[in-house]
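Here are my notes on this one, jotted down as I went through it. Have the structure open while you read.

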Amino acid sequence: MNVNYISYVALTKEFLPFFQSEKDTPTSFIYTSSNLALVPILRCSNYCASKAALHHWILCLREQLKETNIRVIEVFPPIVETELHDPKHQPDMAETVKGRFGIPVGQFTKEVSFSSFLICTCAADLVV
């Protein structure tokens with residue numbers, strides 16, 4: 001909960017007054033969520049619950065800030081090769097996942113960097 005939920009809330013609480021005081025400057029909060037917030041799986045219930053809490057908090061925050069200069073964006077990344085899907089770290093997945101599962105981290109990082117740039121650019125255009 002600390003990493004996947006509380007840290008987002010705490011950072012937003014700290015930055016929000018500053019961004020609200022800059023009424024003429026469009027800005028965005030961009031949060032990384034997970035599809036598991038919407039469709040949980042049993043093997044990682046705590047992770048799914050923390051992402052679901054974040055998702056619903058983002059929905060409320062977006063509604064609360066809709067008449068301000070602040071946009072709230074939630075990113076649902078694809079499945080990425082991590083220990084969450086790795087048969088080495090999750091032995092019970094060895095039969096289910098034969099080989100790689102998800103896109104490699106390096107590929108994801110490149111795609112997200114470019115996508116985040118596009119999202120920020122589009123969000124700024126929408127506010128202007």
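The points below go from the overall chain to the helix contact and the aromatic rings.

1. Bear in mind that this is a predicted model, with local features needing pLDDT of at least 70, side-chain atom pairs counting only at pLDDT 80 or more, and totals for chains, interfaces and linings using all residues. Residues are numbered from 1 along each chain as its sequence is written, and side-chain values use heavy atoms, with hydrogens and water left out.

2. The chain has three helices and two strands, in the order α-β-α-β-α along the sequence. Helices here are DSSP runs of H or I with at least four residues, strands runs of E with at least two.

3. Of the 128 residues, 27% are buried (under 20% relative accessible area, 1.4 Å probe, protein chains only). Carbon and sulfur atoms hold 63% of an accessible surface of about 8,600 Å² (Shrake-Rupley, 1.4 Å probe).

4. Now the helix pair: the axes of helix 1 (residues 2-21) and helix 2 (residues 45-64) cross at roughly 30 degrees and come within 7 Å. That makes the two helices roughly parallel (angles under 35 degrees). From helix 1, Asn4, Tyr5, Tyr8, Val9 and Thr12 meet a set in helix 2 including Trp57 and Leu61; contact means heavy atoms within 4.5 Å.

5. Tyr8, Phe15, Phe18, Phe19, Phe29, Tyr31 and Trp57 form one aromatic cluster. The structure holds six aromatic pairs, counted when ring centres of Phe, Tyr and Trp (its six-membered ring) lie within 6.5 Å.

Methods: Axes are lines fitted to C-alpha atoms, for helices over the stretch in contact, and angles run from 0 to 180 degrees between N-to-C directions. Angles under 35 degrees count as roughly parallel, over 145 as roughly antiparallel, 65 to 115 as roughly perpendicular and the rest as oblique. Buried means under 20% relative accessible area, exposed over 50%, partly exposed in between (1.4 Å probe, protein chains only). Rings of Phe, Tyr and Trp (its six-membered ring) pair if their centres lie within 6.5 Å; planes under 30 degrees apart count as stacked, over 60 as edge-to-face and the rest as tilted.
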